[in-house]
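Visitor: I'm new to this structure and would like to learn how to read it. Please take me through it one feature at a time.

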Amino acid sequence: MNLLYCGDGGIEKGISLSVLSLVRQIQEPLNVYVLTARVDWNGHRYEPITEERIAQIRSFLKEADERNQITKIDISEQFQKQLPEANMDTRFTPCCMLRLYADQIAGLPERLLYLDADVLCRGDPSEFYHQDMEDWEIAGTLDYYGRWFFRKRLLHMDYLNSGVLLLNLKRIRETGLFAKCRELCRKKKMFMPDQSALNKLAAAKKIVPRKYNEQRKLQKDTVLQHFTTTFRFFPWVHTVSAKPWEPEKLHTVLKLYEYDELLEQYQAYEE
């Protein structure tokens, strides 16, 4: 199974924890690719993911199965050549958009499961990963909130959350989807820029069940849980946010104890 993560050093803990959760659930060999970059912009500097972090992840990948691999790819040069200028100052770091450069990386496999760093694996996603993608560019689940507000057709929900995406990189290169998304991000400021661009420009996107990207509350059949910011309406309207690497918040804010054993294992690697 080929996995893709993207980002700067700020998401290192998330990637470690996410990969460890996958190791516990998946029996086939894992090939993990990490796109990272050094970015200087408007007084802010984003450092790439360190070799030390990659070495840590490699250690528990190999401990689980010698066939497992991890590869870090620094795409600072590619990113600098085509900056998403209109979206460099959003509330998200510029490195969130690095996945839109995957089509430029020679050697990446044609099928990739992209995961945000705040996604944990709770069950085996093999059925999702191995589905037929011949005629599709991307496959994912509907965005929990965005499905109601953003859609191409009035009566058809089709706005995907981009935190979990199965990518047909061969098809994406043929259609130029990522190239078009990069150009749109360069010209037009958008809310959640790469997600907005992908939804606007993808000609062939496949919608899969919610269990492959649960964005709100853990369900009995959840396979991949995505720890996004959610809204609560009782006793007042407020937002709720807790990331997988924040165990105290998982317990006190989300009342979630499902991943305690995983977190204990992860903490042992951190020490």
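Visitor: Which backbone nitrogen does the side chain of Asn87 reach?

Guide: Look for a polar contact, a pair of N or O atoms within 3.5 Å; within protein, one has to be able to donate a hydrogen and the other to accept it, and sequence-adjacent residues count only if both atoms are side-chain atoms. Here, the Asn87 side chain gets to the backbone nitrogen of Met190 at 2.8 Å. It also reaches the backbone oxygen of Lys188, again at 2.8 Å. Bear in mind that this is a predicted model, where local features need pLDDT of at least 70 and side-chain atom pairs count only at pLDDT 80 or more, while totals for chains, interfaces and linings use all residues. Numbering starts from 1 along each chain as its sequence is written, and side-chain values use heavy atoms, leaving out hydrogens and water.

Visitor: Is Asn87 buried or exposed?

Guide: Buried means under 20% relative accessible area, exposed over 50%, and partly exposed in between (1.4 Å probe, protein chains only). Asn87 comes out at 0%, so it counts as buried. You'll find it in the loop between α3 (76-81) and β6 (111-115); helices (H or I, at least four residues) and strands (E, at least two) are DSSP runs numbered from the N terminus. Setting aside neighbours within four places in sequence, Asn87 is in contact (heavy atoms within 4.5 Å) with Met97, Cys185, Lys188, Lys189, Met190 and Pro193.

Visitor: How many salt bridges are there?

Guide: Side chains of opposite charge can pair when their charged atoms come close. A salt bridge needs a side-chain nitrogen of Lys or Arg within 4 Å of a carboxyl oxygen of Asp or Glu. This structure holds 17 salt bridges. One of them joins Arg53 and Glu270 at 2.6 Å, N to O. Arg53 sits in helix α2 (residues 51-64) and Glu270 in helix α10, so this pair ties together parts 217 residues apart in sequence. Arg53 is buried at 11% relative accessibility, whereas Glu270 is partly exposed at 27%.

Visitor: Which residue forms a salt bridge with Arg186?

Guide: That's Glu183, with the closest N and O atoms 2.6 Å apart. Both are in helix α7, and because they are three residues apart, about one helical turn separates them. There's a network of salt bridges too, linking Arg38, Asp40, Arg45 and Glu47.

Visitor: Which side chain of opposite charge is nearest to Glu137?

Guide: For charge, Lys and Arg count as positive and Asp and Glu as negative; His and the chain ends aren't counted. The nearest opposite charge to Glu137 is Arg171, 5.8 Å away, and the buried Glu137 has no salt bridge. Glu137 lies in the loop between α4 (126-129) and β8 (138-140). What its side chain does have is a polar contact with the side chain of Thr175 at 2.6 Å, and it reaches the backbone nitrogen of Ala203 at 2.8 Å.

Visitor: How many aromatic pairs does the structure hold?

Guide: Rings of Phe, Tyr and Trp (its six-membered ring) pair if their centres lie within 6.5 Å; planes under 30 degrees apart are stacked, over 60 edge-to-face, the rest tilted. The structure holds four such pairs. In one, the ring centres of Phe227 and Tyr259 are 6.1 Å apart with planes at 70°, so the pair is edge-to-face. Phe227 lies in the loop between β11 (224-226) and β12 (230-232), and Tyr259 in the loop between α9 (247-252) and α10 (260-270), 32 residues apart. Phe227 is buried at 2%, and Tyr259 is buried at 5%.

Visitor: Which ring does Arg182 lie over?

Guide: A charge sits over a ring if NZ of Lys or CZ of Arg is within 6 Å of the ring centre and within 35 degrees of the ring normal. Arg182 lies over the face of Tyr101, 5.4 Å from the ring centre. Arg111 lies over the face of Tyr129, at 5.9 Å.

Visitor: What is the phi of Asn42?

Guide: Most residues other than glycine have a negative phi. Asn42 isn't a glycine, yet has a positive phi of about 50°. Asn42 lies in the loop between β3 (39-41) and β4 (44-46) and is exposed, at 61% relative accessible area. Met192 also has a positive phi, near 50°, and its place is the loop between α7 (177-187) and α8 (193-201).
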